[in-house]
Amino acid sequence: APSYNIASIPGDGIGPEVVSAAIQVVEKLAKTLGTFQIEFTHIPWGTAYYKETGRYISEDALDTLRKFDAGIFGAVGAPDVPDHISLWGLLLAIRGPLQLYANVRPVRTFPGTKCPLNTATEGIDWMLVRENSEGEYAGQGGRSHIGQQWEAATEVAIFTRVGIERIMRFAFQTAQSRPRKLLTVVTKSNSMRNGMVLWDEIAASVAKDFPDVTWDKMLVDAMTVRMVAKPQSIDTIVGTNLHMDILSDLAAALAGSIGVAPSSNLDPTRKNPSLFEPVHGSAFDITGKGIANPVATFWSAAEMLKWIGEKDAAERLMACVENVCAAGFLTPDLGGTSNTQGVVDAVCAEIEKIKV
Ligand code: NAD
Ligand code: IPM
Ligand code: MN
């Protein structure tokens with residue numbers, strides 16, 4: 001049986017709670033199916049590590065990660081450290097440098113989840129593709145005359161032809177692989193006249209290689225309206241790092257809760273291991289209460305299994321998770337009364353029922 005080595009980086013806040021939950025169900029699944037082996041290696045990066053060492057990740061972090069088939073990540077961010085220090089210290093120190101340029105965020109309503117608004121969002125099934133290596137996240141910018149009245153700060157968005165083209169191809173391929181074959185390219189090329197115009201141009205040229213994909217473009221502000229008002233008109237969406245960061249939280253909320261939204265940071269060239277994580281953060285308000293929704297991390301783990309070659313196991317895991325949600329094992333963010341471990345136990349019991 002194939003065997004996989006996975007880096008586990010639980011991080012801060014509810015990160016350790018949801019990563020532990022996911023490891024429990026994946027280990028149970030591997031044991032029950034017996035078709036593959038999987039080993040998780042704990043990596044202690046995060047705020048406690050930072051307070052001890054002055055760094056969020058080790059100096060050889062990228063090489064450490066390269067030894068694994070994939071990674072699972074929880075969240076980073078603590079109330080007593082500025083968020084830009086923690087995020088640039090850990091998560092953003094991995095995504096860009098490992099060139100995990102495609103951030104894939106599927107969104108769908110499933111049993112037990114429902115849109116909090118009274119719009120017809122039943123049956124949302126979207127695939128959000130986020131450029132994950134450039135734009136406002138390129139790390140360029142600075143401050144001058146700090147503290148003076150004439151202080152100035154820049155946040156430079158960098159868009160490259162190579163960077164846009166690779167994510168655009170990835171998005172068209174993703175749209176092509178889905179039944180509806182619809183792609184919406186999101187930009188802001190009315191007010192942003194350089195990078196966003198380059199996005200539009202590259203979309204039009206890449207589209208020529210995908211004649212079977214129906215595509216349109218939309219300004220990001222209008223896209224928020226469409227997501228709420230005409231959700232059924234949407235299938236796959238591609239956009240910049242910042243735009244899709246925002247749209248993916250909106251999408252998660254429309255589909256029921258940020259607590260179920262998964263995310264894959266992929267290196268489609270497979271040179272580097274990909275990193276799988278829930279969309280949500282460390283959620284200080286519920287840390288330690290044992291009520292974090294583990295479904296986003298279950299789903300992220302399922303996406304990881306699919307990526308490393310265990311598609312059947314991934315599908316079985318999601319079927320078990322859906323059954324458990326349908327049976328009413330829901331955490332408070334979904335209006336339920338279960339706690340994290342209750343959902344874990346229910347999923348494990350469901351896995352036990354699998355006939356192999
Ligand atoms: P958040 O996602 O941590 O929390 C937003 C709200 O959603 C909170 O009310 C929280 O309780 C709820 N929530 C989030 N995940 C949940 C889950 N699994 N189950 C139930 N409820 C859940 O966003 P925030 O409050 O803006 O950020 C908190 C910290 O996390 C900050 O330091 C931020 O920078 C960081 N953050 C990290 C990541 C990451 O590591 N990937 C992502 C987003 C935010
Ligand atoms: C996400 C998060 C991160 C992002 C933050 C925490 C750096 O919000 O993964 O969506 O902006 O990419
Ligand atoms: Mn986000």
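Reader: Why are H8 and H9 called roughly parallel to each other?
Author: Helix H8 (residues 220-229) packs against helix H9 (residues 241-254) at an angle of about 10 degrees, with the axes 11 Å apart. Under 35 degrees counts as roughly parallel, over 145 as roughly antiparallel, 65 to 115 as roughly perpendicular and the rest as oblique, so H8 and H9 are roughly parallel. The axes are lines fitted to C-alpha atoms, for helices over the stretch in contact, and angles run from 0 to 180 degrees between N-to-C directions. Helices (H or I, at least four residues) and strands (E, at least two) are DSSP runs, numbered from the N terminus.

Reader: What should I keep in mind about the model?
Author: It's a predicted model, where local features need pLDDT of at least 70 and side-chain atom pairs count only at pLDDT 80 or more, while totals for chains, interfaces and linings use all residues. Residues are numbered from 1 along each chain as its sequence is written, and chains are lettered from A and ligands numbered from 1 in the order in which they are written.

Reader: Which residues make the contact of H8 with H9?
Author: From H8 come Val 220, Met 223, Thr 224, Met 227 and Val 228, and from H9 His 243, Leu 247, Leu 250, Ala 251 and Leu 254. Contact here means C-beta atoms, placed from the backbone, within 7 Å. By class there are eight nonpolar, two polar and no charged residues (Ala, Val, Leu, Ile, Met, Phe, Trp, Tyr, Cys and Pro are nonpolar, Asp, Glu, Lys and Arg charged, the others, Gly among them, polar).

Reader: What makes H1 and H12 roughly parallel to each other?
Author: Helix H1 (residues 15-33) and helix H12 (residues 340-352) have axes that come within 10 Å and cross at roughly 10 degrees. That is why H1 and H12 also count as roughly parallel. Their contact holds seven nonpolar, three polar and three charged residues.

Reader: Why is Gly 77 called buried?
Author: Buried takes 20 or more other C-beta atoms within 10 Å, exposed 12 or fewer, and partly exposed is in between. Gly 77 has 22, so Gly 77 is buried. Gly 77 sits in the loop between strand S3 (70-75) and helix H4 (83-89). Leaving out residues up to four places away in sequence, Gly 77 touches Asp 12, Gly 13, Asp 83, Ser 86, Leu 87, Gly 281 and Ser 282. Gly 77 is also among the closest of the 23 residues that surround ligand 1, where near means a C-beta atom within 6 Å.

Reader: Is His 145 buried or exposed, and how do you know?
Author: His 145 has 10 C-beta neighbours inside 10 Å, so His 145 counts as exposed. Its place is the loop between strand S6 (135-144) and strand S7 (152-158).

Reader: And what makes Gln 99 partly exposed?
Author: Gln 99 has 18 other C-beta atoms within 10 Å, so partly exposed it is. Gln 99 lies in the loop between helix H5 (92-95) and strand S4 (102-108).

Reader: What is the phi of Gln 99, and what is the phi of His 145?
Author: Gln 99 has a positive phi of about 55 degrees, and His 145 a positive phi of about 50 degrees. Most residues other than glycine have a negative phi.

How values were computed:
Contact = placed C-beta atoms within 7 Å.
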